[in-house]
Amino acid sequence: MSRARSWGLSDDQIAQSWAISPQKVADLREENQLHRVYKEVDPSAGEFDEYPHRFYATFETENESDATAGPRALIVGDGPRKLGNSTANDYVLAMIARELKHHQYQVVSHSNNPNSLLMTQWLSDKVYLEPMTEEAVASVARLERPDYAFVPAGKQELGRAIELVIPTTKVVVIEATQIPKNVVSSIPTLEFNGLFDGQAVYQLGVIGELKDHQGVGKYQTLAKRYPAHLESDLATKVTATSERAISQQDTRGLYQVLYQVDGDAEGVHEDVSPLTAPDIAFMTKVLGMNLTAIWVRLMIGRFSGQALVKASHEGITYHDAIYRAHFPYADYHLTNQKSAPATVIGAQIERANKGSEQ
């Protein structure tokens with residue numbers, strides 16, 4: 001076992017070689033106290049005395065990373081490495097880190113992508129450049145013992161691995177990092193947005209989806225306008241229906257309710273889902289309010305709701321903003337790509353006068 005670890009083989013690789021389960025390998029590793037140690041990246045190969053606080057794991061004897069002092073938060077993220085909302089996800093991770101630092105947390109990042117914003121010293125006090133595996137993430141958590149651990153949606157097994165080694169760590173799932181749904185409809189679709197603090201729903205306004213410009217002539221989530229301009233009766237119904245749907249959720253967070261405006265049914269509530277990273281970035285821009293920061297305060301017990309209540313009471317009128325997903329495939333020499341939320345490369349936001357676009 002010791003020799004296999006010194007060669008850099010993972011639990012899964014050893015398990016496959018020995019024809020046993022990865023859990024059995026993990027148990028043997030724990031039994032023999034074969035834990036990772038960490039070495040600091042040396043950018044100048046020893047020419048200068050540098051301490052970039054960037055670490056990688058090995059199974060040698062000397063450890064160069066000690067647990068960070070003070071309140072600690074671990075952020076697990078892989079950065080913008082693929083088509084889709086990866087760049088928006090990385091933006092959300094960066095805003096989480098910035099807000100945690102504002103609240104005096106030492107931010108420890110676990111990333112497998114050197115292009116992530118989390119690599120910057122202004123956002124992360126320490127970075128572990130490691131694979132996004134349960135084994136690697138749990139090892140960092142064992143050393144750092146964070147008060148909070150933020151893990152992306154779809155990777156909840158990483159959160160469970162952290163809880164197994166450090167039961168006192170509060171694991172928070174970043175639901176914003178899920179892939180947006182591509183709802184294509186022949187009738188107008190509205191998106192009601194709100195924050196749920198476990199008791200009250202704070203309105204963040206309604207987005208109206210627009211018809212695409214690619215010849216399909218359908219309303220879809222790839223093009224939208226904020227705010228949607230609704231008749232009074234429809235606005236009242238959408239708000240009441242959506243607030244009721246959000247208030248029934250089991251967890252606190254930012255949510256979006258799809259609402260299709262059907263003339264016969266006078267509007268049909270379709271679905272409730274967490275607000276995704278692209279919409280958080282878009283609405284943060286048009287509202288002038290950092291929604292990620294507000295969400296972080298909600299997760300760490302620092303949320304008061306004062307900013308949202310103040311904004312709603314002041315009756316602020318927001319200028320129309322148009323969001324359109326961007327697909328410059330030719331610039332990246334990509335062929336046979338279909339335009340969908342899973343393959344978005346970027347987005348364009350423009351201000352628009354009321355009624356300028358149907």
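Okay, let's start in a loop: Q104 sits between helix α4 and strand β4 (106-111). Helices here are DSSP runs of H or I, at least four residues, strands are E runs of at least two, and both are numbered from the N terminus. Q104 isn't a glycine, yet its phi is positive, near 70°. Most residues other than glycine have a negative phi, and most peptide bonds are trans. At 59% relative accessibility, Q104 counts as exposed (that's over 50%, with buried under 20% and partly exposed in between, using a 1.4 Å probe and protein chains only).

Some housekeeping. This is a predicted model, where local features need pLDDT of at least 70 and side-chain atom pairs count only at pLDDT 80 or more, while totals for chains, interfaces and linings use all residues. Residues are numbered from 1 along each chain as its sequence is written, and side-chain values use heavy atoms, leaving out hydrogens and water.

How confident is the predictor? The chain's mean pLDDT (confidence per residue, from 0 to 100) is 86, and 90% of its residues reach 70 or more. Strand β7 (residues 170-174) has the highest confidence, at 97, and helix α10 (residues 306-314) the lowest, at a mean of 65.

Now the sheet. Two strands pair if DSSP finds at least two bridges between them. Strands β3 (residues 72-77) and β6 (residues 148-152) run parallel, joined by 3 bridges. A73, for instance, has Y148 in β6 as its bridge partner.

Which residues have the most contacts inside the largest nonpolar core? They are I75, I96, L100, F150, L291 and W295, in a core of 48 residues. Helix α4 (residues 86-102) gives the largest share, 8 residues. By core I mean buried Ala, Val, Leu, Ile, Met, Phe, Trp, Tyr and Cys joined through side-chain atoms within 4.5 Å.

A19, in the loop between α2 (11-18) and α3 (22-31), isn't a glycine but has a positive phi of about 60°. And Y226 and P227 are joined by a cis peptide bond, with omega about -5°; P227 is in the loop between β11 (219-226) and α7 (232-247).

Methods:
pLDDT is the predictor's confidence in each residue, from 0 to 100.
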